[in-house]
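Here is a short briefing to read with the model open beside you. Take it topic by topic, and follow each stop on the structure as you go.

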Amino acid sequence: MLPDIHSILEKLGIGPENDAWSTGTISGKGNGAILESTSPADGKVIATTMLITESDYDTVVEKAAEAFAGWRKVPAPKRGEAVRQFGEELRKFKDELGTLVSWEMGKSLQEGLGEVQEMIDICDFAVGLSRQLYGLSMHSERPAHRMYEQWHPLGITGIISAFNFPVAVWSWNSALAWVCGNTCIWKPSEKTPLTAIACQRLVARVFKANNVPEGVSCLVIGDRHTGKLMSDDPRIPLISATGSTRMGKAVSAAVGARLGRSILELGGNNAVIVTPNADLHIAITGSVFGAVGTAGQRCTSTRRLIVHENIYETFKQKLVSAYQQLRIGNPLDPEVHVGPLIDTGAVQNYLQAIERCKAEGGRFIVEGGQLTGGAYASGCYVKPCIAEVNAGFHIVKEETFAPILYLMKYKTLEEAIAIQNDVPQGLSSAIMTLNLREAELYLSCVGSDCGIANVNIGTSGAEIGGAFGGEKETGGGRESGSDAWKAYMRRQTNTINYSSELPLAQGIKFEL
Ligand code: NAD
């Protein structure tokens, strides 16, 4: 039986009409245009909200700046305690929030729940981090001097997020930014406003109970114009933007023009190399999940398979037979592997990419196409497909945000690596091999040029413990684990002289 979405909305505090902005417990209806949230699963409106206006936006920024003045002085482990409690709240509402993610965005229920689990995991990570915002100490070249560095809060962190991870990306940024002493303004995708409003309701409740200042967590419902206001705004020292490369270029130019900082998490065009030494079961499972999970709408989705000529035919047969078993349908149905695309615009992009691929000479071994009628009446459901291509096709070098998989052959590993790297994007990559030499070459400086390079794991998905992000047109940003927190703070180098002399550095003499 499918879950009852209306009772879930009620539990998450979402009504038929919702706020356009919130600084925590204080929310505003906003004066902009009405924004309807439509589920791609059945094409029906779930609820409405409004876009904010420029003056609503100013109210929020002022509140976030005011809150920063106090929040930065709260000891980091105390800030971590508030984040810990937010993680607990997410545990309590994991089912409801995960279901709403699935319904509003269209990914399978398991993936919706998995996304909320990522939020819980990053909260746990951030809590530990709140006691580990370490700086280094250095040895001064001058006698009786001490030198060290410390990390201070930066200010407001602006978070612009994409539709495909409607809640996790916010938490990757905000959990870290909060323990670092920053306040956050989140502009979610205009395609998924309700999941954002649900998150804001959950965090507001926890922050209020902990006397966290109003404005530490802010939400603005807006489209690209609001994203532009944020990118241009010198009151926001850091913009973390996740989305298309087109968007990233615009944000980077605007933030760069005011010498602000940005973290850019943009498009991917991820490849898996399957060598003759691969475990084919792992290779097939990893490739199929990577290509069709979230209906090919992950930044880390597998888009290209580069397979050695000696195993090509066997691999191809297994791949086609795996695709024949895929079930496409309502994302809340636990039996379904592939849900809908986000909207009919995405379906058009998918259909055009298929046509362009055919025009360049691509041969479809699993045919694509839009599914219509009955359970597919929303017009957002498509068939995952596979095309045999040449690596040099223009379409193969682009990110089409849909379940289209390009299959190609190689002779030498050097050639496979060259094919893999010969695209503008550089997010995720993988090699399937049990051969140590192949694996190590792939991970070496002459191997994969991506931010993420895996062995015997697909390209899709990541654990929060590692730094997440990619090179080239993927934007170069890093979020989540490892030392990604440093991007949310300002580093200060301090030198203290506890002698009765004033020796200058580099032995310079200055006598008065
Ligand atoms: P999108 O670029 O259309 O929108 C993303 C966000 O940017 C939205 O909130 C949108 O309102 C805003 N925006 C759009 N134009 C803007 C502008 N000029 N200035 C400021 N803000 C602007 O992307 P999408 O369709 O929502 O998401 C899909 C894309 O996101 C894919 O390319 C995918 O690879 C990428 N993505 C990347 C990562 C990553 O970590 N690398 C993660 C998720 C998604």
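Glu 265 sits in strand β11, which spans residues 261–265. Please keep in mind that this is a predicted model.

**Glu 265**
- The UniProt annotation "active site", from an unreviewed entry, covers Glu 265.
- Is Glu 265 buried or exposed? Glu 265 is buried, because 30 other C-beta atoms lie within 10 Å, and a residue counts as buried at 20 or more.
- Setting aside neighbours within four places in sequence, Glu 265 is in contact with Thr 242, Gly 469, Gly 475, Gly 477 and Glu 479.

**Around the ligand**
- Which residues come nearest to the ligand? Of the 29 residues around the ligand, they are Ala 162, Gly 227, Gly 243, Glu 265 and Cys 299.
- Helices α8 (224–232) and α9 (245–257) each supply at least two residues of the shell around the ligand.
- The most comes from α8, which gives 4 residues to that shell.

- Strand β9 covers residues 217–220, and both of its faces are covered.
- Ser 217 and Leu 219 are buried on one side of β9, while Cys 218 and Val 220 are buried on the other.
- In a regular strand, side chains alternate between the two faces of the sheet.
- Strand β1 (residues 21–22) pairs with β9 in the antiparallel sense over 2 bridges, and Trp 21 stands opposite Val 220.
- Strand β8 (residues 183–187) runs parallel to β9, and 3 bridges join the two.
- The bridge partner of Trp 186 in β9 is Leu 219.
- A right-handed β-α-β unit is made by β8, helix α7 (residues 193–209) and β9.

**Pro 143**
- Where does Pro 143 lie? Pro 143 is in the loop between β5 (137–138) and β6 (145–153).
- Pro 143 is exposed, because 10 other C-beta atoms lie within 10 Å, and the cut-off for exposed is 12 or fewer.
- Pro 143 and Tyr 498 are 355 residues apart along the chain, and their C-alpha atoms are separated by 8.9 Å.
- Leaving aside neighbours within four places in sequence, Pro 143 is in contact with Ser 499 and Pro 503.

Definitions and conventions:
Residues numbered from 1 in each chain as written. Predicted model: local features only at pLDDT ≥ 70, side-chain atom pairs only at ≥ 80, totals over all residues. UniProt positions renumbered as here; feature names shortened; annotations may be inferred. Contact = placed C-beta atoms within 7 Å. Pairing = 2+ DSSP bridges. Right-handed = clockwise from strand over helix to strand, strands pointing away. Near = placed C-beta within 6 Å.
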